[in-house]
Amino acid sequence: MNNAVHTPCQLLESLNDEQKAAALYSGGPQLIIAGAGSGKTRVLMVKAVLLCTRFSVDPQHILCITFTNKAADEMKKRLASFNVTVTAKTFHAAAMSILNAHGGYLGLKRPIGVYDEQDQLELVKSCMDELHYDKKSINPGSAAEWISRQKDELIEPDAEAVGTERIYHSIYRLYQDKLTASNALDFGDLIMKAVALLKQYPDLCRHYREKYTHLLVDEYQDTNTAQAVLLKLLAGEGKNLCVVGDPDQSIYGWRGANLNNILYFEQSFPDVKIFKLERNYRSTDIILNATNALIKTNRNRRDKTLWTDLKGIHNVISYRVGSDRVEARQVCDLIEQHMENGTPLSEMAVFYRVHSLSRMMEEVMLERAIPYTIVGGLPFYQRKEIKDILCYLRVIVNPDDLIAWKRVLGVPKRGIGEKSIIKINEFAAENVIPFSDALIQCGSVPGVTAKARQGIASVVELVNSFKDEFQSQSWSTALEALLDQLCYQDYVLQNDLPEKAETRLDNIEVFKDALSEYQKEHPDAALADYLENIALRSSIDDWDTASERVSLMSLHSAKGLEFNIVYLIGMEERMLPLIRDIENAEDIEEERRLCYVGMTRAREQLYLFSSNWRSGYGRDIFSKPSRFLMELDPQTLEIRDLAGDREYSQWNKSKGKQRFKRFVEDAVACDEQFADMIDEFAPGDRVYHYDLGSGVIMGGSGAGEKKKYIVLFDGESKPRVVFASYAGLSKMDD
DNA sequence: GAAATGCAACTTTTT
DNA sequence: GTTGCATTTC
Ligand SMILES: Nc1ncnc2c1ncn2[C@@H]1O[C@H](COP(=O)(O)OP(=O)(O)OP(=O)(O)O)[C@@H](O)[C@H]1O
């Protein structure tokens, strides 16, 4: 925020007329649709201040909904400087508070556990085992994904099932039962249960409408159906509702985000007044022109105007390099240059489509001693050693947590295996008792060995005793005692290579510190509050903006941020647009939006990189430059060819451009043709192979281009694996 | 029930 | 090239 802005009045004056109008409007539901960097978030923040100072709204009645906890904290912090204290939360956190307060109506006991993705997957797997589904033919991950998408659409497990989805539905049903038995919710449930609660209890709904009379929602383009319904319940007619978003920045379709929420907003709130902000304050005209051209390539969109007064000096520079290592070195060279010229490291960021690209960057930055932070990747709390500890804490807090118990029983090894757990589970089901009670009664469960029984008894006792320990001592002290009793250190040292074991033990130390830190900051909090808190945390929330480091993050994490200088690496066909499966590459427009989001984070300078070669898990990947490079306004673009790739370096010249265009188009068309060519075979089909002759299909694995078949060729005794994409494989007519 | 071995999938993005 | 998973072996 501007340093000169101290009073609400100055704050209002810092806005342009469009923004002012939007900030001051109070005539009913309001939707602000505007492009990148047009000040949407800023308007929302000013609006909150004005509501309190000009319209005498009690800040307690204002609820801001943001996309991440980080954005919520940011909003609170900015408002605090105007002495305004509002509630700012993500949809999930808001739903959690509602359920914590009133979930009892739905039979939820406190504390409510929150299952993350890993827990979800484990639960799906155990459901599939119980239903005797083969985990090879049905991918548990896909089933988990499917269940989440159902919840995004508020589809209950008892909805009618059709066709192939019948299997998924049966898993969903059992999954939900087990989740309920565990007194836990997954992410989708948080929203879905909050919706159910408010629908079922109109009085409660009214209570919340009175509590939060004014609602401000950011990043609305990435909300799902369930969240829109929750918003509708909270907002009612939406008399004091203000929603902002940019359909061109919708990048979470794969996670169930529904663009119709914003495109057809008037269907939920008929009296809506739509505001547009057309002036961009973030980027130079060069960056803006470049990216405007890119996003205009999307056909499925409504056009917007976006202009700026900021004259840029630097073109967008696109490097073509020979390898990922050269790419990383080039990025580092530039970073060092800019650093010398006075740009702080915290004002530079490297973005990529997939986290794996951060590896090479990291390696080279270490070499060069450039300080960096990586946002995202495998979250800290999902690392094995941390998850082990968390599961102990979870069973201490919530004895019904099935997935946590499973982990606790097996770590460290105590002679309790899969069999015993299944037996106890069955016993619990037959006698309609909680899993934790079945554990206590394991003596009367048939089929559990004496060794297992002993093991179970000792864990149960351990967990029980630590219930008190965590009450009577500080958490970190109690945790230390717990780890001692478990001989966890020995367990780690035994099960991992020394180096790995060391990082694991280091991580545990970090966790301990975090735990005591939290307890210090929240002296009245229960252990369950801490667990809930970390369950709802995201990687970007822990990102330290202040530190003097270059930030490395995925394009998705970059949403809503801004930096002076942005380096976007891996701009290659099939990498940015990421295409893993040629057959259903329909999300190209979302990929383009993602690219747009990344590029529009840059204030002054934007560097793009594409590499001819890259090493991907053991294999070599050769790629052509991304089609998105071609879609940028060529006038703003400067090509630097470090790879001797003439095809690319000359494309900006008129002839070269034609050639390059054909070059990429050919690549795309070729992929599509390729996809068409792949035949589908079923086990038992007779096939003919150009080299190996005729045979019969035994089975298959992989998908798309990587689809493989197991074929038993005539006259051979052992089947062979052949690639489906091998053009010489064809079906024989009987 | 747990260790040893072999093999497949893995790297899409995350509240 | 690795990791986690499944099968085999003890
Ligand atoms: N009227 C204004 N005068 C000066 N600077 C402004 C004004 N409005 C917004 N800005 C600045 O422009 C930048 C972008 O604003 P903001 O983050 O609110 O935009 P946004 O529309 O939410 O962006 P995006 O959708 O790309 O995340 C910020 O640095 C903000 O301070």
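**Entry 1: a strand pair.** I started with L215, which stands opposite L241 in β7. The two strands involved are β6 (residues 214–217) and β7 (residues 241–245), and they pair in the parallel sense over three bridges. For my own notes: two strands pair if DSSP finds at least two bridges between them. Strands are DSSP E runs of at least two residues and helices are H or I runs of at least four, numbered from the N terminus.

**Entry 2: ground rules.** I am reading a predicted model, where local features need pLDDT of at least 70, side-chain atom pairs count only at pLDDT 80 or more, and totals for chains, interfaces and linings use all residues. Residues are numbered from 1 along each chain as its sequence is written, chains are lettered from A and ligands numbered from 1 in the order in which they are written, and side-chain values use heavy atoms, with hydrogens and water left out.

**Entry 3: the whole sheet.** I then traced the open sheet of six strands, ordered β3-β2-β6-β7-β1-β8 with parallel pairing. At its edges I found β3 (87–90) and β8 (273–277), each with a single partner strand, so one side of each has no neighbour in the sheet. Neighbouring strands are turned by 15° against each other on average, direction ignored. Axes here are lines fitted to C-alpha atoms, for helices over the stretch in contact, and angles run from 0 to 180 degrees between N-to-C directions. Helix α5 (residues 91–102) lies across β2 (62–66), β3 and β6, running at about 110° to β3.

**Entry 4: two helix pairs.** I looked up α7 (residues 140–152) and α8 (residues 165–181), which pack at an angle of about 75° with their axes 10 Å apart. That makes α7 roughly perpendicular to α8, a label for angles of 65 to 115 degrees (under 35 is roughly parallel, over 145 roughly antiparallel, the rest oblique). Among the residues that meet are W146 and I147 in α7 and Y168 and Y172 in α8. Contact means heavy atoms within 4.5 Å.

Next came α10 (residues 202–211) and α11 (residues 225–235), also at about 75°, with axes 8 Å apart. Here C205, Y208 and R209 of α10 touch K232, L233, L234 and A235 of α11.

**Entry 5: an annotated stretch.** Which residues does UniProt place under "binding site"? The unreviewed entry gives A34, G35, A36, G37, S38, G39, K40 and T41. I keep in mind that such annotations may be inferred rather than shown by experiment. I found A36 in the loop between β1 (30–34) and α3 (40–53).

Entry 6: Where is the cis peptide bond? I found that bond joining R110 and P111, with omega about -5°. P111 is in the loop between α5 and β4 (113–115). I also noted N183, which has a positive phi of about 50° although it is not a glycine. N183 lies in the loop between α8 and β5 (184–186).
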